[in-house]
Amino acid sequence: MTAARHDHGLGVACVLGASILWGTTGTASALAPTVPPLAVGSASMGFGGLLLAATSAPRIVRSRSQVARSWRLVAIGALAVLVYALAFYTSMRLAGVAVGTAVSIGGAPVAAALLERILDGRRLSGRWAAGAALGIAGAVVLCLARGGVPSDAAAGAAASGEAAQTVAGVALGAVAAASYALYSFTSHRLIRAGLSSRAAVGATFGVAALGLLVVLAATGGALLESWRNVAVGAYLAGIPMFLGYILFGWGLSRVSASTATTVSLAEPVVAAALAVAVVGERLPILGWFGMVLIVGCLAVLTLPLPDWSRRRRRGFGPAEAEAEG
């Protein structure tokens, strides 16, 4: 029992570490403001994807016949990763680190449920509807908060421009969420088809990296203008992207997917805290309320519900079960 608890604790620590690393991406990219977000996203997930593919190469080679048979899933997943990389970083540049991250992360479970409904015919539960309502409400509140309340005509024009920019960023955050959900869906299908998780991830990210490096070649000139820009690109590719996904994989081998998803709620919290403390972003009270709604969406969709019926069979009702816990 002690060994199992230690293994579980290590798994939680790995997932938490990955979430913290992912939460730094927006702040890190903000330290290179002259680099277009398309270049930041393509450099981060392009080079990071190549590292993942290289370290997964032995598993991909051993499963090459399965990879070849599943090439459509690999191609769709790779396209989803490419779109996610470009939409996510552009969303943070337009709407801000805190808002872009919250919408992208908060929207992913909603998009995943819709995707399963459309492609697998799974029914949408009342729990999903409640979570989706919280997420959508949070995104709307964030847009309103970022728009502000103008005090005169000039301020009104500025606020209107900022509001339009925020709406565009939130929309791209929704695209990023849908893309990540599609990537997760195809990866799950690849694993069900017999591929190991490392082979599925390595093959998908490896193919995506080829397209992302083409985008980088077209947009990444500013990345080489200073050592600071180079350092930001290297950090994003090597730490949050490569190391983060390695840690997350280790964590998933030790804890359940529901536990891992719940622990990952740390990412938007870390992103928001760093955005305020390091980048100097400011969110009014209404904005923080929108953030709370989005985190609430994630909590509703991912936290396990207590099985009161089983506890009653053991002689515990809700009150007794709470006392037992």
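Residues are numbered from 1 along each chain as its sequence is written, and side-chain values use heavy atoms, with hydrogens and water left out. Because the model is predicted, local features need pLDDT of at least 70 and side-chain atom pairs count only at pLDDT 80 or more, while totals for chains, interfaces and linings use all residues.

**View 1. A nonpolar surface patch involving helices H8 and H14.**
Ile-136, Val-140, Leu-144, Leu-286 and Phe-289 make a nonpolar surface patch of about 490 Å². Helix H8 (126–147) and helix H14 (285–302) are the elements that give two or more residues to this patch, and H8 gives the most, with 3 residues. Ile-136, which lies in helix H8, is exposed, with a relative accessible area of 56% (exposed means over 50%, buried under 20%, and partly exposed in between, with a 1.4 Å probe and protein chains only).

**View 2. Ser-104 in helix H7.**
Ser-104, placed in helix H7 (residues 97–120), counts as buried at 2% relative accessibility. The Ser-104 side chain reaches the backbone oxygen of Gly-100 at 2.9 Å. With neighbours within four places in sequence left aside, Ser-104 is in contact (heavy atoms within 4.5 Å) with Phe-88, Ser-91, Gly-173, Ala-176 and Ala-177.

**View 3. Helix H13 and the residue just after it.**
The 14 residues of helix H13 (residues 266–279) should span 20 Å at 1.5 Å a residue, and the end C-alpha atoms, 19 Å apart, agree with this. Among the buried residues of H13 are Ala-266, Pro-268, Val-270 and Ala-275. Just after H13, Gly-280 takes a positive phi of about 90 degrees.

How values were computed
Patch = residues over 30% accessible without salt bridge, like charges linked within 9 Å, V, L, I, M, F, W, Y side chains within 5 Å. Areas by Shrake-Rupley, 256 points an atom, 1.4 Å probe, with all protein chains shown as cover. Salt bridge = Lys/Arg side-chain N within 4 Å of Asp/Glu carboxyl O. Helix = DSSP H or I, 4+ residues; strand = E, 2+ residues; numbered from the N terminus. Polar contact = N/O pair within 3.5 Å; in protein donor to acceptor, adjacent residues only side chain to side chain. Expected span 1.5 Å × (residues − 1).
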